Amino acid sequence: MRTLTQDLPPDAPGRQHQLTAQAFGAPDARPKVYLQGGLHADEMPGPLILHHLRALLIQAEQAGKLLGQVVLVPLANPIGFAQWVQNKPQGRQDLNSMRNFNRDYPDLAALCGDDLDGRLGPDPVQNVAITRAAFAAALGGMATPDEGTALRRALMLWSHDADHVLDLHCDHHAVVHLYTSPAHPNEARLLAQAIGARLVLLAAVSGGNAFDEAHSAPFHHLSKRFGPQTPLPAATFAATLEYRGQFDVSDDQAAADAAGLMVYLAAVGVISGPAEPLHDNPPHYPLRGAAEVTAPQGGIVTWACAPGDRVAEGQVICHVTDPAQGTRMAVAAPIAGLLFRQELWRSCLRGQSLAHISGPNPVRDGNLLSD
Ligand SMILES: [Zn+2]
């Protein structure tokens, strides 16, 4: 295991943040898998899972089972981790700009497109190598006017050439689910079955350029731009993994989740070991098929169902009670499907999001990710 560190240029005198990664295997070994956790720095299931995964990878390395290269960044956002306001962690947005730490990653297709013009040929393998070299050059030359941009660039300098990129998050209250592009259906199924996901949400481009999409969307855009004469395969599989809810943090669960990731790592050939996923294949639904449920009035939310429940269209899923006026309103499921997440708080304002239900048919458009 090698430890890598990267200092972020401080925005405030005397305040230095540092990123730390652990790398396993030779730096040029293939395949390369990159995993990070805690990009939303108030979501701790992922960092704890990667802590347990590190121990398993150390054992694998000592046993000579490392075939490729694995890079772990267990705590990907030291800026957000340090943000506490009145005894509560506030790690989702940069408190200065309110910019979501998982949006606005460098758009590699835009940064490299003109440079790649005329340089790709008929060999797809060579095209991937040329494209990844262009990604590295673009990131190397990128300006970092603030710490948040420096963080994005530093993470992508470690991850941009990986064959597989996993970004570990969690939701408020949720079952395990994952987001990925439809470009790799077999790997999406493999990953879902390895980690025990109950749902796979698919979108080629969700909007906002989240970390996972910053790795997969460039191949999608560049392949479209240059056309079939210069084939450019979707060389990077990238996914955002949602490991339940913010309070689902335990060593037993994290150890089991790390074991699930080891199955995935074996299945993609970066380590040798048992590679047979243990879980069933869940539904793979379009992200556009995830319907948002909002509060009809402000008040107290009481749930009639839990994450993981299948609900019928029109079924009452919760009530919102205004205790001041004594009014209670039932909230019905707008579609049939899997209720896979609920909001954290038991109070709500009128119009606020309460839950999402995922179904097979598109029900919305535009920017598909929350703020
Ligand atoms: Zn998150």
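Predicted model: local features only at pLDDT ≥ 70, side-chain atom pairs only at ≥ 80, totals over all residues.

User: What's the strand order in the open sheet?
Analyst: There are 9 strands with mixed pairing, and the order runs β1-β2-β4-β3-β7-β11-β9-β10-β12. The edge strands, β1 (2–8) and β12 (284–286), each pair on one side only. On average, neighbouring strands are turned by 20° against each other, ignoring direction.

User: In which sense do β7 and β11 pair?
Analyst: Parallel, over 7 bridges.

User: Which strands does α6 lie across?
Analyst: α6 lies across β7, β9 (177–180), β10 (199–202), β11 and β12, and runs at about 25° to β11. Then there's α7, which also packs on the sheet: α7 touches β3, β7, β9 and β11, and its direction makes about 155° with that of β11.

User: Switching to cores. Which residues have the most contacts inside the largest nonpolar one?
Analyst: Y34, L116, L155 and F211, in a core of 40 residues. At least two residues each come from β2 (17–24), β4 (69–73), α3 (108–116), α4 (124–140), α5 (147–159) and α7 (211–226). There's also a second, separate core of 39 residues, with L191, A192, A254 and M262 among its members.

User: And what does L116 touch, leaving out residues up to four places away in sequence?
Analyst: I130, T131, A134, L222 and F226.

User: OK, α4 then. Which of its residues are buried?
Analyst: N127, V128, I130, T131, R132, A134, F135, A138 and L139 are buried. Their cover includes α3, α5 and α7.

User: What caps its N-terminal end?
Analyst: D123 does: one of its side-chain oxygens sits 2.9 Å from the backbone nitrogen of V125. As for length, α4 has 17 residues and reaches 24 Å from first C-alpha to last, close to the 24 Å expected.

User: Last one: how many residues are in α8?
Analyst: 17, covering residues 251–267, and its C-alpha span of 24 Å is close to the 24 Å expected.

User: Which of those are buried, and what covers them?
Analyst: A254, D257, A258, G260, L261, M262, V263, Y264, L265 and A266 are buried in α8. Covering them are, among others, β3 (32–37), α1 (45–62), β7 (164–171), α6 (185–195) and β11 (237–245). Just after the helix, G269 takes a positive phi of about 85°.

Terms used: Residues numbered from 1 in each chain as written. Heavy atoms only, no water. Core = buried A, V, L, I, M, F, W, Y, C linked by side-chain atoms within 4.5 Å. Buried < 20%, exposed > 50% of the residue type's maximum accessible area, 1.4 Å probe, protein only. Helix = DSSP H or I, 4+ residues; strand = E, 2+ residues; numbered from the N terminus. Contact = heavy atoms within 4.5 Å. Expected span 1.5 Å × (residues − 1). Polar contact = N/O pair within 3.5 Å; in protein donor to acceptor, adjacent residues only side chain to side chain. Pairing = 2+ DSSP bridges. Axes fitted to C-alpha atoms, helices over the stretch in contact; angles between N-to-C directions.
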